[in-house]
Amino acid sequence: MSTTVTDAFRCRAARTPDAVALSAEQGSLSYAELDRWSDALAGELAEAGVLPGDRVAVCLERSPQLVVALLGVLKAGAAYVPIDPEDPGSRVSMMLADADVSLVIGQFFAGFTTLKVSPPAGRSTVELPAVAPEDLAYLMYTSGSTGKPKSVMIEHRNITNLVTGPNYVDVTPGDRILQLAPVAFDAATFEIWGALLNGARVVLAPPGVVQAEELGDLLRSNEISVLWLTAALFHRQIDVDVAAFKGLHTVMTGGDVVSVPHVRQLREAVPELQIVNGYGPTETTTFATCHRIGADEDLGGAVPIGTQLQNVEVVVVDAEGKPVEPGTPGELWIGGAQVARGYWKRPDLTDEKFVRGGWNGERYYRTGDQGRKRADGVVEFLGRIDDQFKLRGFRIEPGEVENALTEHPQVRTAAVSLRTHPSGDRRLIAWVVKSGEDLDKRVLKAHMRANMPEHMVPAGFVVVDELPITNNGKTDRKALPEPDWTSKSLYV
Ligand code: ADP
């Protein structure tokens, strides 16, 4: 039976009121305190005119206030829209307008009512609305191929399915999960609700970037037992300080292809550690499949993405949308309890990506990922069908970056792709065709900085006379010339 995040939390608070729910540099809150504090905030939101079904933006650094805000918004019957405080103002304004938010918690943005989170004066007397499992819990923006980000609508029941009695990780009230992922990305859903709905403690990492050199201390001093790191951070951590993982019982990684040599190295260095590969798009609520890597498992060439979560169904289909036999590659379609309601205000795109299975009439999200199901049900990831890619764990549609580039008057047309720098890093490169005589790369980079999140700002710019075209008339991103890494004019 599905339930709501708010009810599941209240149950936990009633059972263990004095257990620590969250801790951070600024202090900690027990379950009872977090319950009371978020009740008070929900009351304030209602008094400020927030109605059930509204959207409320949350734009806060990692802090106890952040968690109070998310829970308070849900208790008010509204959905939160997490905003990265580091994103450029123009992009934030676009998201706030697109989501039609009725209020912003945290930072001030012109044209919107702002609320700060402060400790409650007493018990709130405002009556809060009932919340249903099918109500919207959050809107999360992810890169859109046609130039604008799109927003995924996640319901309460999607989250509670992900974190209630999970079969991919052991979380009990004694556990401590680190909250490190940017809250605008859905790994934070697992970190926060995975802890709070299981009676465990969520430990908020200090605001800003945590360096690999610092992570070990942070994990040890907070006695963290469960950690999520995107594949890129996971690999770097193993390279820089593999001993940091000692003391954890589980590390979860994923969000991008996980490297076999790194897993091997970690397994040797910390044999008692459970390593889990988690796979899933935002549209199916953080993880659709997970793989607990066995201590002696022969990984061959790749780390499997594993088996479907409870009440989740992963089907491999062919180009006609028909399920294929085990062992045959095809597109991964994800159905079941974690499939999002769709894209906010984008009915056409929703119909295109969220489809009915011709064989059973059930609703599936077409991931655009290629995979293969082994006879034992374990899924292997085989890459993307389209041009979407990941950079440092961030999902990027090249079309969105290219659109922003061509909005600049000095650019006629542009293409972006990843290229590997001689140092081994993958970098985002832009190839641009000028619209006239002049192109000031510095100005172009500033334009991108002003409009795009950091991970979508190209690291290098190459001016070309024209873009290579494939036979079917699309930009041939693979045929773009290799950048001259030694040229100063590549970087601006
Ligand atoms: P998240 O980063 O939370 O996994 P996104 O929506 O940003 O979610 O990105 C989802 C895409 O990332 C997937 O469709 C897939 O292409 C890729 N991906 C996610 N997890 C893995 C994994 N464990 N292995 C390989 N690719 C992955």
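Biologist: Which element gives the largest share of the shell around the ligand?
Modeller: Strand S13 does, with three residues. A strand here is a DSSP run of E with at least two residues, numbered from the N terminus. This is a predicted model, where local features need pLDDT of at least 70 and side-chain atom pairs count only at pLDDT 80 or more, while totals for chains, interfaces and linings use all residues. Residues are numbered from 1 along each chain as its sequence is written, and side-chain values use heavy atoms, with hydrogens and water left out.

Biologist: Which residues come nearest to the ligand?
Modeller: Asp-186, Gly-280, Thr-282, Asp-369 and Arg-395, out of 17 residues around the ligand. Being near means having a heavy atom within 4 Å.

Biologist: What does Gly-280 place by the ligand?
Modeller: A backbone N or O atom of Gly-280 is 2.7 Å from a ligand oxygen atom. The side chain of Lys-390 has an N or O atom 2.8 Å from an oxygen atom of the ligand. Both are polar contacts, that is, pairs of N or O atoms within 3.5 Å.

Biologist: How much of the ligand does the protein bury?
Modeller: The protein buries 93% of the 540 Å² that the ligand exposes when taken alone. Such areas come from the Shrake-Rupley method with a 1.4 Å probe.

Biologist: New topic: where is Ala-121?
Modeller: Ala-121 is in the loop between strand S6 (114-115) and strand S7 (136-142).

Biologist: Why does Ala-121 count as exposed?
Modeller: Because its relative accessibility is 91%, and exposed means over 50% with a 1.4 Å probe, protein chains only.

Technical notes
Helices (H or I, at least four residues) and strands (E, at least two) are DSSP runs, numbered from the N terminus. Buried means under 20% relative accessible area, exposed over 50%, partly exposed in between (1.4 Å probe, protein chains only). A polar contact is a pair of N or O atoms within 3.5 Å; within protein, one must be able to donate a hydrogen and the other to accept it, and residues adjacent in sequence count only if both atoms are side-chain atoms.
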